[in-house]
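Take a look at the model before reading on.

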Amino acid sequence: MPTFRSLLLFLTLVLLGQADGKQQAPWRIHTLFSVECQDYFDWQTVGLVHSFNKAQQPGPITRLLSCTDEQRKRYRGMGLAPTFEVPSMSKHPRTGDWYPAINKPAGIVHWLNHSKDADNVDWVVILDADMIIRGPIIPWELGAEKGKPVAAYYGYLVGCDNILARLHTKHPELCDKVGGLLAMHIDDLRVLAPMWLSKTEEVREDRAHWGTNITGDIYGQGWISEMYGYSFGAAEVGLRHKISDDLMIYPGYTPREGVEPILLHYGLPFTVGNWSFSKLTHHEDDIVYQCNHLFPPPPFPREVQMMETNPNKRRGLFFSIECINTLNEGLLLHHASVGCPKRIWSKYLSFLKSKTFSELTKPKYLTHNSSQSQKAEKQPAIDAPERPHPKIHTLFSTECSPYFDWQTVGLVHSFHLSGQPGNITRLLSCTDEGLKRYTGHDLAPTHYVPSMSQHPLTGDWYPAINKPAAVLHWLNHVETDAEFIVILDADMILRGPITPWEFKAERGRPVSTPYDYLIGCDNELAKIHTRNPEACDKVGGVIIMHIDDLRKFALLWLHKTEEVRADKAHYATNFTGDIYGSGWISEMYGYSFGAAELNLRHSINSDILIYPGYIPGPGVEPRVFHYGLEFSVGNWSFDKANWRNTDVVNTCWAKFQDPPDPSSVASTDVNIQRRDQLSIECMKTLNKALYLHHKRRNCLDPSAQTNSNEGIKREVALPQSFGRTDGSFRRIRRLSLPDFASHSSLLDAKDQVFSSLRFWMVGLWAISVLGFLAVISVVLSGRKGDGLRSKPYRNKRRSSSGFSDTNTNSQQFQD
């Protein structure tokens, strides 16, 4: 009977709670945020604590306050929030390094070790001070489990994909790019927190890898070391996160349709019309202690309504004004609570006290039957981490030539370095004769396709057509379980993963990069070659496409390429944008016109790809270098066309001329400096790939050379025509070999290789003879294997084009 009464009481409380519209927490939740003894953090504290109460977040909230002894004497904000004081580590006690961000993990470790609250909690929600809560953050409703915390996505933490992770965690594959909002079980936090602090110290001290290209930190000053400390610490202890990009939004960003974020993170400047706000401009603002002072009021909702016609962008503007209005409401209530005189009436003050504002800022629930929650249920934030990411396969097209071989080495090396998911396949187009002579079979997982460089019907010499022809051949001859295909060019270097989930590719909506020079999409060329010229997108370079779309599209891509190539009457530059006016970019138009035929419209992303020598957009970290054009840094330059006939891959220790050291090209112009840094990075990655390739090929170790070879440098002249660059004649480039690669040492190496081969040939011949005698002996003795049947040997069939069965050749490399 007591059990029945207890159950009845529990159900009654649950029903009352639901009728009340409030979340009932069956487990104990504690919310933490970290600050320092500064006016800057005090007004943020007022805003966060006010929004915490307004959003009806369950459980207590605690401010982890880091103060030096001197700061503590002067500090006047002890009453702003429930507070747990922790020692300041802004100046590291061991190294003396000034890094206030380390107070976050240090404060959490101190709280776990010294607070009674830490012994009476099941789940912890960790936030930053510069946040506004819009609705209850219930860990288990977000999908958090013990061993699987929930976090917001921080895509700029590129160090999870490169050398930084490999240096600072034994499990780089477990590194999650997360931060901002953290919801985890207390047991996980106890394991993680000391490692979080330790890894923060470790990354902070690794000054050699503070560079923006390694960390993603636009300042290159190690400021986000604490974020990496968290990700690397979690990887070390084996914590994998359920990552959501929907729970938190930066004011100024446009939300995805149907998504209702429950957290506003005002860490970046944002604007609404002519009004703007940046937290950094209020770094010394003591607004908390100035009676009735508020931040400049943003536009009213009705004004925002008239500013923007796009409903989703308008929602984003409403989030921005909600953020600052909630901050001001918190300040207003705080001033009243400390006895400030009543504020003089104003239209803005009236709005903050109005029913309209109250309705706009009422708590947002993820699961209750409100209009907001119904929208959220269509695309629930907690579902995103549960869905497995679709499989990806990356393709690139090449021919049997040294020119494509060194590009292949660079691309494949960068593919593995970038953390790109799935497999990569080289589509290798060769003639029969070319295949017989070809020596680069092991450079990449390869699918062999017949060459169409010389068209089998027209005789037209156009190697670029091999790209669509090879993709079509691969689709027809290979079984794949990949859902999305990423198509690249060989002359690319990957800097990070290119995934459909990050760049929002969908079935019927591929993603690509802009090729604005394809002016034929806007003129007569499109009207001639597609029934839907208005659907022609000027795209190329990087393509992310659903496999179903690619199966429908590939044949059209090939046919439209043939069609545009045959249309010699419209080769002119004014029609095509091709500066040579020779129809060389027909394949690019074949792609755009083929997609237009199917009304396959692209999401065009200009941030994925950059040509070295170009200046990236502010804050943009491109994922792909496309070194299709000549680029330079100071007096150094590189043009891939100059290396068309040079065998860099099969010449031991061959490499391209090293670019200048980054420190030697310092510029007062930040954009120029960033441009040059990216150009240098591209070239260094190429040379590093070649070095590792030669090392794998067992090129003679430089340390094995005699002293007589020291100081010798050999250069192979590269045939090329002279051309002017910036008004001066370009120098003849040379293929540089390291000092130890002298002519005599190369001959010695050849003699050693020949002797070694002769020894192995004799050995293999002896083994073969002994094996043959053993088989004869068995046959003559009449011994037969019980129940065994020999499988007849079957020669590989040659296709009509003279190639081995392509399925046999390529399947071993497929998904």
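## A cysteine to start with

Is cysteine 400 buried, partly exposed or exposed? Cysteine 400 is partly exposed, at 22% relative accessibility. The cut-off for buried is under 20%, so a value of 22% places cysteine 400 in the partly exposed class.

## Overall pattern

The model is predicted. It holds 6 disulfides. Counting bonded cysteines along the chain, the pairing runs 1-2, 3-4, 5-6, 7-8, 9-10, 11-12.

## Cysteine 400 and cysteine 430

Cysteine 400 pairs with cysteine 430 in a disulfide, with 1.5 Å between the sulfur atoms. The S-S torsion is about 60°, so this link is right-handed. Cysteine 400 sits in the loop between strand S13 (392-399) and helix H14 (402-418). Cysteine 430 belongs to strand S14 (residues 423-430), so the bond ties together parts that are 30 residues apart in sequence.

Cysteine 430 is buried, at 2% relative accessible area, whereas cysteine 400 is partly exposed.

## Cysteine 37 and cysteine 67

The sulfur atoms of cysteine 37 and cysteine 67 lie 1.4 Å apart and form a disulfide. Its torsion about the S-S bond is about 45°, so the link is right-handed. Cysteine 37 is in the loop between strand S1 (29-36) and helix H2 (39-54). Cysteine 67 is in strand S2 (residues 61-67), so the pair connects parts 30 residues apart in sequence.

Both ends are buried. The relative accessible area is 9% for cysteine 37 and 11% for cysteine 67.

## Cysteine 160 and cysteine 175

Cysteine 160 is joined to cysteine 175 by a disulfide, S to S 2.0 Å. What is the handedness of this link? It is left-handed, with -45° about the S-S bond. The pair links distant parts of the chain, 15 residues apart. Cysteine 160 lies in the loop between strand S6 (150-153) and helix H5 (163-168). Cysteine 175 lies in the loop between H5 and strand S7 (178-185).

Cysteine 160 counts as buried at 7% relative accessibility. Cysteine 175 is buried too, with a relative accessible area of 10%.

## Two further cysteines

Cysteine 323 counts as buried, at 0% relative accessibility. Cysteine 682 is also buried, with a relative accessible area of 0%.

Notes: Residues are numbered from 1 along each chain as its sequence is written. This is a predicted model: local features need pLDDT of at least 70, side-chain atom pairs count only at pLDDT 80 or more; totals for chains, interfaces and linings use all residues. Side-chain values use heavy atoms; hydrogens and water are left out. A disulfide is a pair of cysteine sulfur atoms within 2.5 Å. Helices (H or I, at least four residues) and strands (E, at least two) are DSSP runs, numbered from the N terminus. Buried means under 20% relative accessible area, exposed over 50%, partly exposed in between (1.4 Å probe, protein chains only).
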